[in-house]
Amino acid sequence: MHDYQRIADRIAADILSGRLAPGRRLPPQRAFARRRGIAPSTAGRVYAELVRRGLVVGEVGRGTFVRAAPVPSGRALAEPSSTALVNLELNYPTAQGQAELIAPALTPLLRPDVLADATRTAPATGTPAAREAAAALLTTAGWRPAPGGILFAGNARQAIAGALAALVRPGGRVGIDTLTYPLVKEIAARLGVSLVPLAGDADGVLPEAVTAAHRRASLSALYVQPTLHNPTSATMPDARRSQLAACIRELDVPVIEDRVWSFLSDEGEPFAAHAPDHTYVVDGLSKRVAPGLTVGFLVVPEGRTEQVGAALRSGGWTAGSFAVEVARRWMTDGTVTRLVRAKRTDAARRQRLVAQHLRGFAVQADPRAYYAWWSLPQPWRADTFTAAAAAHGIAVTPGPSFAVPAAGTAPAGAPGPTASGPAGHAASGAADCVRLGLASAPIETLTAALATLATVAHGDPAHTVDASR
């Protein structure tokens, strides 16, 4: 066994025994080396070994801290990842009486003759009736997608995967907010795609950051969430959308616009309205209706349906005929409209609870959104707070799950080390944040959970986490 491994074993024993409490900052590597009488290079190997074991986390410009819990993968938001009594990680809204609303569209499909048609293999283009229904659903005051440009995926995540697979070759680069939907990171990794975090401000990604990143090495695409960005809930103003559209037209870079949460807001026209020839719009029914039986939409520019449809088919991401037909009925009989109306009211009610119970804390949340981005008070950090919340039976998502690492550099196009905004936090800043998913827990449960989290945040991290050991 090497010397650095023996030293790492001793530090690990102190961490596991509680002598080094979660959130404790380790000394700088040079100071550690002097105290131990070892070479700085050996100290570096000790710290690297502790990071590899998941016992500490290093943050650029801040130091190395004892972890309270392992870093969750992007799947934390895709599948239940904890046995907590209150899960504020998953975020699927349910309207009162939802099952009764969606059931009538299923009944006619149970007739043998109708069921035979609904269970046949479906193309990515679905049916003409389904395309017309989807176009009507996605239409806004200033934008209506062409029905012929609509493709159907199993869900919105699969639509994102299909768009990336069609637009980006393995090894290609995709520009993205420094904070983003975690599963995009996982999808990109599986496709061999590199994500390039771009600097932003309060209005979203900076056009000059896109230009700088593209000039450094060509971007194959840009992924954005202009409306109710997840996790910050920020919405990009129309002026920034216009500026960004002009930029991507000049660079000739396609854009994947994620509008999954946009049904909660009427603010801002889709980015596709500003750059229709460059934008691939992703949307779906999992949030509007339910995650168990859903359909994803991918609106592509004219002339691109064959290429993108082929990517959906090759990945096994197309929607089944049964799901497409049920979705068509929900979209045309008013079911989706009624559910959207109910969920808008529900989201606003839940945000009022956040405002009430987390008053005085630094919480960023749009009053229409189903999530809140909480910058924790010092000395809390995301991992220690997540562990403390779990000790009280509450699962929250730590900020680093949303951060896109910048490989040790500032986000592309950043004018300085402090350049960041609601949709453009530096990855290191996420270490002090958690996201609260407000949609899934019953109102009474959410109320109690928010009150508990506020109490935890007012406490001392070391005492709170140690008490749960």
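Is Cys247 buried or exposed? Cys247 is buried, at a relative accessible area of 7%. Here buried means under 20% relative accessible area, exposed means over 50%, and partly exposed lies in between (1.4 Å probe, protein chains only). Cys433 also counts as buried, because its relative accessibility is 2%. The structure holds zero disulfides (pairs of cysteine sulfur atoms within 2.5 Å).

The model is predicted: local features need pLDDT of at least 70, side-chain atom pairs count only at pLDDT 80 or more, and totals for chains, interfaces and linings use all residues. Residues are numbered from 1 along each chain as its sequence is written, and side-chain values use heavy atoms, with hydrogens and water left out.

A nonpolar core is a set of buried Ala, Val, Leu, Ile, Met, Phe, Trp, Tyr and Cys residues joined through side-chain atoms within 4.5 Å. The largest such core has 75 residues. Phe152 and Leu298 touch the most other members. Helix 7 (residues 156-167) supplies the largest share, eight residues. Helices (H or I, at least four residues) and strands (E, at least two) are DSSP runs, numbered from the N terminus. Another core, of 28 residues, lies apart from the largest one and includes Phe385, Ala449, Val456 and Ala457.

Thr180 sits in the loop between strand 6 (173-177) and helix 8 (182-191). Thr180 is buried, at 0% relative accessibility. Leaving out residues up to four places away in sequence, Thr180 touches Lys185, Tyr223, Gln225, His229, Asn230, Pro231, Phe402 and Val404.

Terms used:
Contact means heavy atoms within 4.5 Å.
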